Amino acid sequence: MLVKDIIERIRFQTNTNDDNTGRNANALFSNKNLVGQLQICLNQYASFTRAIENVFSYPLVKGIRSIKGPTDVIRGSGYRYIYLWRDGYRYSINIKPLNFVNTRFPRQTINGIPQFVSMWEDEIYFYPDADTNRATTTLTNEVSETDTTIEVSSTTNFPVQNGRLTLTTGEKIRYATKSDTQFLNCTRGLEGTTVGYCSSGGTVQENNLMIFYFAMVKKIRVDDNDVVFPEDMSLDLKQIPEEHMISIIDLTSYMLLQKVDAERAAPYKVDAAGFLRQAKDDINYGRSDITAGYQITGPFDFEVAHTGHLF
C-alpha cells in the first residue's frame, strides 16, 4: 500500500481531509503529528513481527576489521544471516556476542576468512580480520540512468548469477546473470543508493559480503511547511500485508482520536498486543530456519546438469 493511500485513509477516519497536495487542510491533526503517530505504529509492527526484510551488501577488502552496517536494522535482533562470497563458495559467518569473540580472539593478530561477527553501535566487527579481496573490473561503456546491462572489461571472479556491484558513484546494483564482459538484467539503485550516470573507465566492485536483516520502516518525512515529501508519499510499503496495514491504520486513527475525542476513537480501537502477536504468527508461518552453509565442490555444475529434471 502506498503511503499516500495510508494517509488518505487515516484522514478519512479522523475526518480531517486534505487537498490532495500533501498539505493538511484541517487543523485538528497536522501532517507532522499524523505521520509521527503512523511512524510509531509502523515501527512497533516492524520491530515485533520482523516483517520488513532487507539486504545490505558491501565490497569487503583485505585487512578490514569492521564496517558500518545498515542504519535501518532493528537494533539488537535484526541480523538474520551473513555470508562472504569467495572463489565460487559462500562462507557462512556466525553472529556472536562480544564476550564470545573477544575471548576467542584476545589479540586479533591473524587474518583469514571471517568465521564470526559481532555488532555494536551499528558497527560490524569481523573475527578474524578478512584476508580476502572483492573482485574488481572496469566499465568499457558509460552507464546511463536507464541501462540494465553493464559493460565491463571482464566479469571473471564475479558470481555467475544474483551478484551485487558498487559503481564509482556509490550506486549499488544487482545483476541476474553475466556474460564474459557484461552484467545482465540489472536492478539499479538498491539499498538506498541513487540511480545515476557513470562514465566509461569507472571502477566496478563486487559486493562479496552479503547481510540479510530485518529492517525498520523507512522514515516518512514532513517539511517545515507541514507537507509530506512527495517521494515519501509514493513510497510503497509492499512488504506489509494489506490486512495488517488496515489494522495499523485503525490503530493510528485510534491513537490520534483518543487525544481529542474518546467517543470518536472507539470504533477504531485495536487490541495492539493481540494484533502484533497474530501478525507475527502470520509472518512466521511457513518460514524455515536458515542452517549453516557447506562448501559444494563445483558450484552450479549440479544445477546445470539437472536443469528440467524432477527429483
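Which residue in E16 does Thr-136 stand opposite? In this predicted model, the residue facing Thr-136 is Gln-205 of E16. The two strands concerned, E9 and strand E16 (residues 203-206), run antiparallel and are joined by three bridges.

In general terms, the strands of a sheet pair through backbone hydrogen bonds, in either a parallel or an antiparallel manner.

A helix pair was examined as well. Helix H2 (residues 31-49) packs with helix H7 (residues 272-284) at an angle of about 50°, the axes of the two helices lying 9 Å apart. H2 is therefore oblique to H7, since angles under 35 degrees would count as roughly parallel and those from 65 to 115 as roughly perpendicular. The crossing in which H2 passes H7 is right-handed.

On the H2 side, the contact is made by Gln-44, Tyr-45, Phe-48 and Thr-49, which meet Phe-275, Leu-276, Arg-277, Ala-279, Lys-280 and Ile-283 in H7. Sorted by class, the residues in the contact of H2 with H7 comprise six nonpolar, two polar and two charged.

Terms used:
Residues are numbered from 1 along each chain as its sequence is written. This is a predicted model: local features need pLDDT of at least 70, side-chain atom pairs count only at pLDDT 80 or more; totals for chains, interfaces and linings use all residues. Side-chain values use heavy atoms; hydrogens and water are left out. Axes are lines fitted to C-alpha atoms, for helices over the stretch in contact, and angles run from 0 to 180 degrees between N-to-C directions. Helices (H or I, at least four residues) and strands (E, at least two) are DSSP runs, numbered from the N terminus. Angles under 35 degrees count as roughly parallel, over 145 as roughly antiparallel, 65 to 115 as roughly perpendicular and the rest as oblique. A crossing is left-handed if the near helix is turned anticlockwise from the far one by less than a right angle, and right-handed if clockwise. Contact means heavy atoms within 4.5 Å. Ala, Val, Leu, Ile, Met, Phe, Trp, Tyr, Cys and Pro count as nonpolar, Asp, Glu, Lys and Arg as charged, and the others, Gly among them, as polar. Two strands pair if DSSP finds at least two bridges between them.
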